[in-house]
Amino acid sequence: MDQKVESLIDYQTFARICKALGHPARIQIVEHLKAIDHCICSEIVQILPLAQSTVSQHLKVLKASGLVKGEVEGPRTCYCLDRDILDNFKKTAGLI
């Protein structure tokens, strides 16, 4: 019996997240945000051997995928994972 299982996120979103996670630095950023729950870009620069502009570019890709949210706090932006999207991504990956 062939059953079609509905994904928890649409395939476009799933593919966008897969693409965003296709770089080791972005995976490190996601792991860091998962561990501390929120972060300022300059904190990420301190843990990665990358320039601030490169980290910002990686965060931009993660934000565009929907996996990361950014909130402006004065002159800084505080980043955090969208845990609902991450959970749905993981569940959808388990269905494939």
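Helices H2 and H4 are roughly perpendicular to each other, a class that covers angles of 65 to 115 degrees, with those under 35 counted as roughly parallel, those over 145 as roughly antiparallel and the rest as oblique. The axes of H2 (residues 24–36) and H4 come within 10 Å and cross at roughly 75 degrees. Axes are lines fitted to C-alpha atoms, for helices over the stretch in contact, and the angles run from 0 to 180 degrees between N-to-C directions. Helix H2 contributes Ala25, Arg26, Ile29 and Val30 to the contact, and H4 contributes His58, Leu59, Val61 and Leu62; contact means heavy atoms within 4.5 Å. These residues divide into six nonpolar, one polar and one charged. Nonpolar covers Ala, Val, Leu, Ile, Met, Phe, Trp, Tyr, Cys and Pro, charged covers Asp, Glu, Lys and Arg, and the others, Gly among them, are polar.

The model is predicted, with local features requiring pLDDT of at least 70 and side-chain atom pairs counting only at pLDDT 80 or more, while totals for chains, interfaces and linings use all residues. Residues are numbered from 1 along each chain as its sequence is written, and side-chain values use heavy atoms, with hydrogens and water left out.

Histidine 58 lies in helix H4. With 8% relative accessibility, histidine 58 counts as buried; buried means under 20% relative accessible area, exposed over 50%, and partly exposed in between (1.4 Å probe, protein chains only). When neighbours within four places in sequence are left aside, histidine 58 is in contact with His23, Ala25, Arg26, Ile29 and Leu50.

Helix H4 (residues 52–65) also packs against H1 (residues 11–20), with axes that come within 8 Å and cross at roughly 165 degrees. H1 is therefore roughly antiparallel to H4. The crossing of H1 and H4 is left-handed, meaning that the near helix is turned anticlockwise from the far one by less than a right angle (clockwise for right-handed). Thr13, Arg16, Ile17 and Ala20 of H1 meet Val61, Leu62, Ala64 and Ser65 of H4. This contact has five nonpolar, two polar and one charged residues.

The axes of H1 and H5 come within 11 Å and cross at roughly 100 degrees, so H1 is roughly perpendicular to H5. The contact is formed by Phe14, Ile17 and Cys18 of H1 with Ile85, Phe89, Thr92 and Ala93 of H5. By class, six of the residues in the contact of H1 with H5 are nonpolar, one is polar and none is charged.

One aromatic pair is found in a search of the whole structure. Rings of Phe, Tyr and Trp (its six-membered ring) pair if their centres lie within 6.5 Å; planes under 30 degrees apart count as stacked, over 60 as edge-to-face and the rest as tilted. The ring centres of phenylalanine 14 and phenylalanine 89 are 4.9 Å apart and the planes are at 25 degrees, so the pair is stacked. Phenylalanine 14 is in helix H1 and phenylalanine 89 in helix H5 (residues 83–95), 75 residues apart, and the pair thus links distant parts of the chain. Both phenylalanine 14 and phenylalanine 89 are buried.

The chain contains five helices and three strands, in the order α-α-β-α-α-β-β-α from the N terminus. Helices (H or I, at least four residues) and strands (E, at least two) are DSSP runs, numbered from the N terminus. Of the 96 residues in the chain, 31% are buried. Among contacts with a separation of 6 or more, 55% are between residues 24 or more positions apart. The C-alpha trace spans about 55 × 25 × 20 Å along its principal axes.
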